[in-house]
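This report describes the architecture of a single model for a reader new to it. Please view the sequence and the structure together while reading.

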Amino acid sequence: MNTQNTLTVFERIKSKKYFELLFSKEAKVIHEKNILAKWAIIPKDDAYLAKVAFVVPKRICKKAVSRNYFKRILKESYRTSKHALIEASVNSNHTILILFLYKNILYSKKDAFQIMDVQVKSILQKIEKKQLK
């Protein structure tokens, strides 16, 4: 098991089929103040136990620079705190698909990482608890 804090290309959701699943009624939803997470469990299809996608709508952040900044923060928060979720699902025969959707604008970019990091960790803990049931 890779214990490094990495987020490889293979851990990202790129398949149209997976995105359709996450935006369908079958996906479960977790709300935090600034982040909405949609997640689903599918049968294991490759070596990765979790696959993620990060979305920052143009409707919320008009400038591409801001959208990329918030996606970078989401990726960093997930990358550093994903290990608890992955360790909990090692023995299962499933892959977890997670879509992080940024939904409210933060007015202070200075505090954005701390705020979003707490929310991403909270979302991952909730998914971990629900997945173990």
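At 12% relative accessibility, F54 counts as buried, where buried means under 20% relative accessible area, exposed over 50% and partly exposed in between, with a 1.4 Å probe and protein chains only. The model is predicted, so local features need pLDDT of at least 70 and side-chain atom pairs count only at pLDDT 80 or more, while totals for chains, interfaces and linings use all residues. Residues are numbered from 1 along each chain as its sequence is written, and side-chain values use heavy atoms, with hydrogens and water left out.

**The sheet**

An open sheet of 4 strands has the order 1-2-4-3, with mixed pairing. Strands (E, at least two residues) and helices (H or I, at least four) are DSSP runs numbered from the N terminus, and two strands pair if DSSP finds at least two bridges between them. Strand 1 (28–31) and strand 3 each have a single partner strand and stand at the edges, so one side of each lacks a neighbour in the sheet. From one strand to the next, the twist averages 20 degrees; axes are lines fitted to C-alpha atoms, for helices over the stretch in contact, and angles run from 0 to 180 degrees between N-to-C directions.

Strands of a sheet pair through backbone hydrogen bonds, either parallel or antiparallel. Strand 2 (residues 35–43) and strand 4 run antiparallel and are joined by 9 bridges; strand 3 and strand 4 pair in the parallel sense over 6 bridges. L97 in strand 4 is the bridge partner of A40, and K51 also stands opposite L97. The partner of A50 in strand 4 is I96. Strand 4 is mostly covered, with 8 of its 9 residues buried.

**Aromatic pairs**

The structure holds 6 aromatic pairs. Rings of Phe, Tyr and Trp (its six-membered ring) pair if their centres lie within 6.5 Å; planes under 30 degrees apart count as stacked, over 60 as edge-to-face and the rest as tilted. Two of the stacked pairs are listed below.

| Pair | Centre to centre | Angle between planes |
|---|---|---|
| F54 and F100 | 5.7 Å | 5 degrees |
| F70 and Y102 | 4.6 Å | 15 degrees |

F54 lies in strand 3 (residues 50–55) and F100 in strand 4 (residues 94–102), so their pair ties together parts that are 46 residues apart in sequence. F100, at 0% relative accessibility, counts as buried. F70 lies in helix 2 (residues 64–81) and Y102 in strand 4, so this pair links parts 32 residues apart in sequence. Both F70 and Y102 are buried. F54, Y78 and F100 form one aromatic cluster.

**Helix 2**

Helix 2 has 18 residues and reaches 26 Å from its first C-alpha to its last, close to the 26 Å expected at 1.5 Å a residue; the expected span is 1.5 Å times one less than the number of residues. Its buried residues include F70, I73, L74 and Y78. Seen down the axis of helix 2, the buried residues fall within an arc of 125 degrees, so they line one face of the helix; the arc is that of the directions from the helix axis to the C-beta atoms. On the other side of helix 2, V65 and R72 are exposed.

**Further features**

I86 lies in helix 3 (residues 83–88) and, at 9% relative accessibility, counts as buried. The C-alpha atoms of I86 and L124 are separated by 9.9 Å, although these residues are 38 apart along the chain.
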